[in-house]
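Student: Please walk me through this model, and give me the cut-offs as we go.

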Amino acid sequence: MEKETTLQGRFLQAGALMLLLSLVIGLVLGFVMLMLFTANDPSGKEFLLSLVSLFKGQLGGPGGMLPYVILGLVLVCLAVAVVCVVITSHLAGRISRSLKLLRRTVDALREGDLSVEVLTSPEREVDELCQSLESVRQQLRAAARRQERMDQERGLLMANLSHDLRTPITVIKGYVEGIRDGIAATEEKRRHYLSTIYNKTLALEQLVADMRDFSEYELGRMQYHFERVDLTALLKDLVQEYRMDVEGSGMSLEAQLPEQALWTTADRRKLKRVLDNLVSNAVKYGRAGGEVSLTGQAYQGGIIVQVSDNGRGISPQAMGHIFDSFYREDTARSSTVPGSGLGLAICKSIMESHHGKIWLTSREGEGTDAYLYLPLTKEVGE
């Protein structure tokens with residue numbers, strides 16, 4: 001229900017009430033002071049009687065001063081009332097204008113217009129409210145820009161994934177048709193066709209896994225299957241797998257791993273997802289003919305795994321955004337490098353779910369070092 005009383009009306013009522021109270025208080029105080037003077041001064045009674053007689057003589061009768069006294073009191077009251085009304089009306093108008101501007105700004109924000117700026121006010125309390133609202137507007141604007149960028153990158157990601165899915169499917173279809181139509185007439189050719197189909201199937205499987213991880217990450221519902229894992233054994237197994245991929249890219253892989261078993265509670269598949277991403281980045285952004293190193297060592301109740309390359313490195317400006325969703329440094333320059341920009345963001349989420357950490361250090365033109373830290377658990381029977 002709409003309020004009938006405005007802020008300006010409230011100020012006018014307060015001014016009129018102040019005027020009335022001032023008159024009443026003045027009369028009461030004057031009467032009290034006169035009574036005290038009369039009671040404490042021996043000649044006070046005679047002074048009061050003479051004062052009353054004087055007023056009777058001056059105010060009474062046809063030529064008395066009573067009408068002028070009454071007119072003077074009325075004029076004084078009117079003058080005081082006018083001053084009170086002007087001052088309170090001016091103050092109410094200034095505050096009311098500021099509040100109207102605030103209301104228009106809030107209405108614009110509610111309708112989604114984040115370009116309107118919140119003006120300042122000369123009143124400190126109202127200005128503090130304006131600054132708070134401006135801070136909220138800036139935060140909403142920044143969030144809207146981030147959301148817009150993420151929507152654009154999400155659309156690009158879907159387009160890239162669709163393209164990446166279409167390519168192996170087309171190859172698989174062509175090779176299957178070749179086998180069906182008898183083009184692969186020799187055993188050697190059939191083995192080549194089947195090997196190609198198998199490799200493309202593995203690529204499809206990885207793409208589907210990436211899409212699943214992306215969906216879980218977007219919804220904040222990544223599923224984990226935690227179990228006791230010997231990190232040393234897991235890393236040694238992965239090194240054998242990575243060695244073929246790294247050397248197939250014209251680079252070398254060096255590994256230094258601890259000999260003793262190091263146990264932790266982890267999701268094997270998710271942990272492999274993190275290491276896959278780090279090694280894949282080292283290959284993609286490393287220098288041709290360069291080296292990728294993977295090391296692990298126990299450190300303060302945990303294990304630190306380091307993946308390093310001697311590639312082009314990461315600029316200091318990009319380091320602050322490297323774990324942001326969809327972020328890729330210098331999109332124009334790296335457009336030929338495959339990737340969604342989600343890898344490190346998902347890796348960070350996975351490591352935090354393992355109560356671990358992930359961080360990067362880099363030197364432009366020299367290379368990048370990626371670090372993982374996972375807390376260890378005691379072996380069974382200890």
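Tutor: Gladly, and let's begin with accessibility: a residue is buried under 20% relative accessible area, exposed over 50%, and partly exposed in between, using a 1.4 Å probe and protein chains only. The model is predicted, so local features need pLDDT of at least 70 and side-chain atom pairs count only at pLDDT 80 or more, while totals for chains, interfaces and linings use all residues. Residues are numbered from 1 along each chain as its sequence is written, and side-chain values use heavy atoms, with hydrogens and water left out.

Student: Is Glu259 buried or exposed?

Tutor: Start with its partner: Glu259 forms a salt bridge (a side-chain nitrogen of Lys or Arg within 4 Å of a carboxyl oxygen of Asp or Glu) with Lys236, and the closest N and O atoms are 3.8 Å apart. This pair links distant parts of the chain, 23 residues apart, with Lys236 in helix 6 (residues 231-248) and Glu259 in the loop between strand 2 and strand 3 (263-266). Lys236 is partly exposed, since its relative accessible area is 34%. For Glu259 the relative accessible area is 67%, so this residue is exposed.

Student: How many helices and strands does the protein chain have?

Tutor: Both are DSSP runs numbered from the N terminus, with helices being H or I of at least four residues and strands being E of at least two. In the protein chain, the count comes to nine helices and seven strands.

Student: What is the strand order in the open sheet?

Tutor: Two strands pair if DSSP finds at least two bridges between them. The sheet is open and has five strands with mixed pairing, in the order 2-4-5-7-6.

Student: How many bridges join strand 5 to strand 7?

Tutor: Strands of a sheet pair through backbone hydrogen bonds, either parallel or antiparallel. Strand 5 (residues 302-309) and strand 7 (residues 367-375) run antiparallel. Within this pairing, Gly302 stands opposite Pro375. The number of bridges between the two strands is eight.

Student: What angle does helix 7 make with strand 5?

Tutor: Directions here come from lines fitted to C-alpha atoms, for helices over the stretch in contact, and angles run from 0 to 180 degrees between N-to-C directions. Helix 7 (residues 268-285) packs on the sheet and touches strand 4 (291-299), strand 5, strand 6 and strand 7, where contact means heavy atoms within 4.5 Å. Its direction and that of strand 5 make an angle of about 25°.

Student: How far apart are the axes of helix 7 and helix 9?

Tutor: Two packed helices are described by the angle between their axes and the distance between the axes. Helix 9 (residues 343-353) also lies across strand 6 and strand 7, at about 140° to strand 6. Against helix 7, helix 9 packs at about 145°, and the distance between the axes is 10 Å.

Student: How do the residues in the contact of helix 7 with helix 9 divide into nonpolar, polar and charged?

Tutor: The contact includes Leu271, Arg273 and Val274 of helix 7, and Ile346, Cys347 and Ile350 of helix 9. For the classes, Ala, Val, Leu, Ile, Met, Phe, Trp, Tyr, Cys and Pro count as nonpolar, Asp, Glu, Lys and Arg as charged, and the others, Gly among them, as polar. The residues of this contact come to eight nonpolar, three polar and two charged.

Student: How far apart in space are Ala209 and Arg273, C-alpha to C-alpha?

Tutor: Ala209 is found in helix 5 and counts as buried because its relative accessibility is 15%. In sequence, Ala209 and Arg273 are 64 residues apart. In space, C-alpha to C-alpha, the distance is 9.5 Å.

Student: How many salt bridges does a search of the whole structure find?

Tutor: One of them joins the side chains of Glu187 and Arg190 at 2.8 Å, N to O, and both residues lie in helix 5 (residues 187-219), three residues apart, about one turn of the helix. Another joins Glu366 and Arg363 at 3.2 Å, N to O. There is also a network of salt bridges linking Glu241, Lys272 and Asp276. For the whole structure, the search gives a total of eight.
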